[in-house]
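Here is a short briefing on one protein chain. Please look over the sequence and the model first, then read the points below.

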Amino acid sequence: CSTLSLPSGRITALQAMDVWAKHFEEKGVIEPEQSSQFIIAHLLGAKTKECLERKRLTEFLSCEKTEQVWRLCTRRLSRMPVQYIIGEWDFRDLTLKLRPPVFIPRPETEELVELVLTDLQRESRAGVGSAAQESCVEVGCGSGAISLSLLKSLPRLKVFALDQSQDAVELTRENASRLGLQDRLQVSRVDVMKDADRVLSLCSSASALVSNPPYLFSEDLQSLEPEIYRFEDHAALDGGEDGLTVIKQILTLAPLILSNHGRVYLEVDPRHPPLIRQWAEENVEELRFVETRRDTSGRFVFINKEKTFH
Ligand code: GLN
């Protein structure tokens, strides 16, 4: 073994986890222990250290495995996120393929999905909406996390997923096929900021418009961890000066995309809800602000509903 410059000689998986965790820590890599455990468990065919039998953990790594550990852990030293190194990550009950620069789904977005699901399930039970197949639009689908979660849990739903990035469109399609959810999904490459007409020609009469839009304030981008700043698509993060650029566009299009009783579900910055409420009241007559919810990680979820004139 020519590989690991750290201890000489052969080491076990457990020792490798320890050695690399320390090395990451010394080099200022965030979440050093989890990083080394996830990478090494992945190379041994498991999701986490806990999923590995004791025997596998205490066996010596082969030269080949040691090389692989070295190669992948070195990527982490460059601050590449573990999710990209491993190439897949779990989002709720789905395992999604991930690759740079497509936005890595965050745990807080799982809560957004729960909210949407609860609403859509309640509405279909109550018979709100038409008898026709219900549909949902996602703006900025990234890896497909939100759209695919909804499709998996709602067997009658049809989803129109949009993203301005070709990488994202391809990844969402790939994830959909891997999960066998491609039949009720239409993925389109379209920039909602530039091509509103195309958005409207693709989607109409939807029950829900869901998005985890780019909502960071531009000036905050530089203070992001290198994992995010260097590797993820800034177009999925940068919401302009006030973080509201894409959100305003979504709200402008919403009444045209949604059916009566349709709703917009957004993940936003904690500072945004009052600003969004005010902006929507002043600018989009057909929208009514319904509620804001705080999720466990301190983010806010903002819900809007189309005003009904009946
Ligand atoms: N939650 C993301 C972050 O903290 C931001 C996501 C977004 O802009 N949609 O990096």
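**Briefing**

Glu134 is buried, because 22 other C-beta atoms lie within 10 Å. Buried means 20 or more other C-beta atoms within 10 Å of the residue's own, exposed means 12 or fewer, and partly exposed is in between, with C-beta atoms placed from the backbone. This is a predicted model: local features need pLDDT of at least 70, side-chain atom pairs count only at pLDDT 80 or more, and totals for chains, interfaces and linings use all residues. Residues are numbered from 1 along each chain as its sequence is written.

**Whole chain**

- The chain has 12 helices and nine strands. Helices (H or I, at least four residues) and strands (E, at least two) are DSSP runs, numbered from the N terminus.
- Of the 310 residues, 40% count as buried.
- Take the contacts in the chain with a separation of 6 or more: residues 24 or more positions apart account for 67% of them. Two residues are in contact if their C-beta atoms, placed from the backbone, lie within 7 Å.

**Domains and annotation**

- The domain assignment gives domain 1 (13-78) and domain 2 (92-306). These bounds come from an automatic or database domain assignment.
- The C-alpha centres of domain 1 and domain 2 lie 35 Å apart.
- An unreviewed UniProt entry annotates residues 16-87 as "domain: Release factor glutamine methyltransferase N-terminal". UniProt positions are given in the numbering used here, feature names are shortened, and annotations may be inferred rather than shown by experiment.
- The span 16-87 is 67% helix and 0% strand, and its end C-alpha atoms lie 20 Å apart.

**Ligand shell**

- Around the ligand are Arg106, Asn212, Pro213, Pro214, Tyr215, Leu216, Ile228 and Leu237. A residue is near a molecule or strand if its C-beta atom, placed from the backbone, lies within 6 Å of it.
- By class, this shell has six nonpolar, one polar and one charged residues. Ala, Val, Leu, Ile, Met, Phe, Trp, Tyr, Cys and Pro count as nonpolar, Asp, Glu, Lys and Arg as charged, and the others, Gly among them, as polar.

**Backbone geometry in loops**

- A cis peptide bond joins Pro100 and Pro101, with omega about 5°. Pro101 sits in the loop between β2 (94-97) and α6 (107-126).
- Arg79 is not a glycine, yet its phi is positive, near 80°. Arg79 belongs to the loop between α4 (63-77) and α5 (82-86). It counts as partly exposed because it has 17 C-beta neighbours inside 10 Å.
- Arg92 also is not a glycine, and its phi is positive at about 50°. Its loop runs between β1 (88-91) and β2. Arg92 has 19 other C-beta atoms within 10 Å, so it is partly exposed.

- Helix α11 (residues 245-257) has 13 residues and reaches 18 Å from its first C-alpha to its last, close to the 18 Å expected at 1.5 Å a residue. The expected span is 1.5 Å times one less than the number of residues.
- Buried positions in α11 are Val246, Ile247, Lys248, Ile250, Leu251, Leu253, Ala254 and Ile257.
- Ile276 is in helix α12 (residues 272-283). It counts as buried because it has 25 C-beta neighbours inside 10 Å.

**Two residue pairs**

- Glu134 lies in the loop between α6 and β3 (135-139). Glu134 and Ser259 are 125 residues apart in sequence, and their C-alpha atoms are 9.9 Å apart in space.
- Ile276 and Glu110 are 166 residues apart along the chain, and 22 Å separates their C-alpha atoms.
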